Amino acid sequence: MASTDHERSDKFLPDGTAIRSEDIGFAPAELAVCGKCGRNNAPDRPKCIYCGAMLSPAVIEAPAGDLRRPDDIEPGYNVVAFSREPVSDQTVREAARVTGMPESSVAACLNALTPLPIARLANAADASAAAARLNALGVASKVVADTDLALGQPPHRLRGIQFGADGCTFIDFNSGDSSLVRSDDLALIVVGTIMETKTERLEKRKRAGNTKLLDESETSSDHLVIDIYSRTDPRGWRILPTGFDFSCLGSEKGLIAAENMRRLAGLIRRSSPGVRFADRFDAILDELSLVWEAERRRDARGLMRSGMMKFDFGAVSSTSNLGQFNRYSRMQWHLL
C-alpha cells in the first residue's frame, strides 16, 4: 500500500489531476510570426490570436526562427533591404513574416525605393536567413552588423579643405595635419540634418509622491553635417558648420553657414565625378525610425533654486537624431 501511495503522489495532484511530464506549448523556434502585427502565434493556428489576421500556410509550415529585436545596448544585425520599384502586397506580407516586422513598417521601408534597414535582429544566423529569403523574393538585401558600423570610432573632424588637380587635401580639426585624398579614391558623400531638442523642467514634489510642474522651457537646434568617405577608410571625415574654414568656396562663399555647407558638398561632388552622393537622410527619417529610434534621455539635475530661499527639483529631457545619422552614414559606406 505504501508503494502504491508513493507512486500515486508522483503522477497525480492531491485533487486527482494527472501530472504531465512532457513539455507544454511550443519552442520559440516553432512559433509563427503574424505578417500583420508581428507577434508570435502557435504554429497550428489558422488566425492570429492578437489581431485576427489569417496566417498563411507558408507561415504555419515554416516558422521564421528567432526574430527577437535586441535592446539598444545590445549588439544587433541590421537587415538592409532595397527595392527599385513599389512592391506588391504579397511581397510585403512575406517580407514581414521573415523579418518579424509589422506589414506597415515593411511597406514603408521598401516603398521608399532607397536602401534602408528593414529589421534589426539579435541573432546573426537568423538575420542572414531573413536576408536570403528577401533576396529570393526579389528584394535586394544585405546584413550589416552593428560592430561593422564601428559607432565607437567617430569620423575625423575637418577644419578645412584645399582643392587641387590631384584631389582634396583634408586638414584635421584638432592636429592641423594635412592628408591628400586623390579624386579617384573619394567614394561617398553623405549629407543630413542633425536635430536636437532639449526640455528643462522644474518640479515640486509633494509628500504623496505627486509632482507639480512649476516651470518648463524647450529649445531646439538643427545643423547640416557632411560625411566624406574614401574607398578604403570606413571611418571617414566629418564637416560641421562651426569651426570650419569656408574660404575654399572662393566667390561662392556666403554669410549663412547652412548655405555654405550645401555649396561645399556640391563642390566636393563636382571635383570627384565618380563619387556617390547620399542626401536622402532628411526625407526618410520616419522610415529609419521604425528600426533605428532617435536617442531620448532624461537626466535629473537635483535641487535647483526656484525662488527666495526655495529649492525644487529640476530635470532635463533631450532628443537627438545624431545616432540615427551616424548609423545611416556608416551603412552607406558598407553598401558601396
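In this predicted model, ring pairs join Phe281, Phe325 and Tyr328 into a cluster.

- Phe281 and Phe325, both members of the cluster with Tyr328, form an edge-to-face aromatic pair, with 5.2 Å from centre to centre and 85 degrees between the planes.
- This pair links distant parts of the chain, since Phe281 belongs to the loop between strand S12 (276-278) and helix H8 (285-288), while Phe325 belongs to helix H9 (residues 322-334), 44 residues apart.
- Phe281 counts as buried because its relative accessibility is 0%, and Phe325 likewise counts as buried because its relative accessibility is 0%.

**The pair Phe244 and Phe246**

- Phe244 and Phe246 form an aromatic pair that is also edge-to-face, with a centre-to-centre distance of 5.0 Å and an angle of 65 degrees between the planes.
- Phe244, with a relative accessibility of 8%, counts as buried because that value falls under the 20% cut-off.
- Phe246 is buried as well, its relative accessible area being 6%.

**Arginine over ring faces**

- Arg39 lies over the face of Tyr50, at a distance of 4.9 Å from the ring centre.
- Arg157 lies over the face of Phe173, where the distance from the ring centre is 3.9 Å.

Note on methods. Residues numbered from 1 in each chain as written. Predicted model: local features only at pLDDT ≥ 70, side-chain atom pairs only at ≥ 80, totals over all residues. Heavy atoms only, no water. Phe/Tyr/Trp six-rings, centres within 6.5 Å; stacked < 30°, edge-to-face > 60°. Buried < 20%, exposed > 50% of the residue type's maximum accessible area, 1.4 Å probe, protein only. Helix = DSSP H or I, 4+ residues; strand = E, 2+ residues; numbered from the N terminus. Lys NZ or Arg CZ within 6 Å of the ring centre and 35° of its normal.
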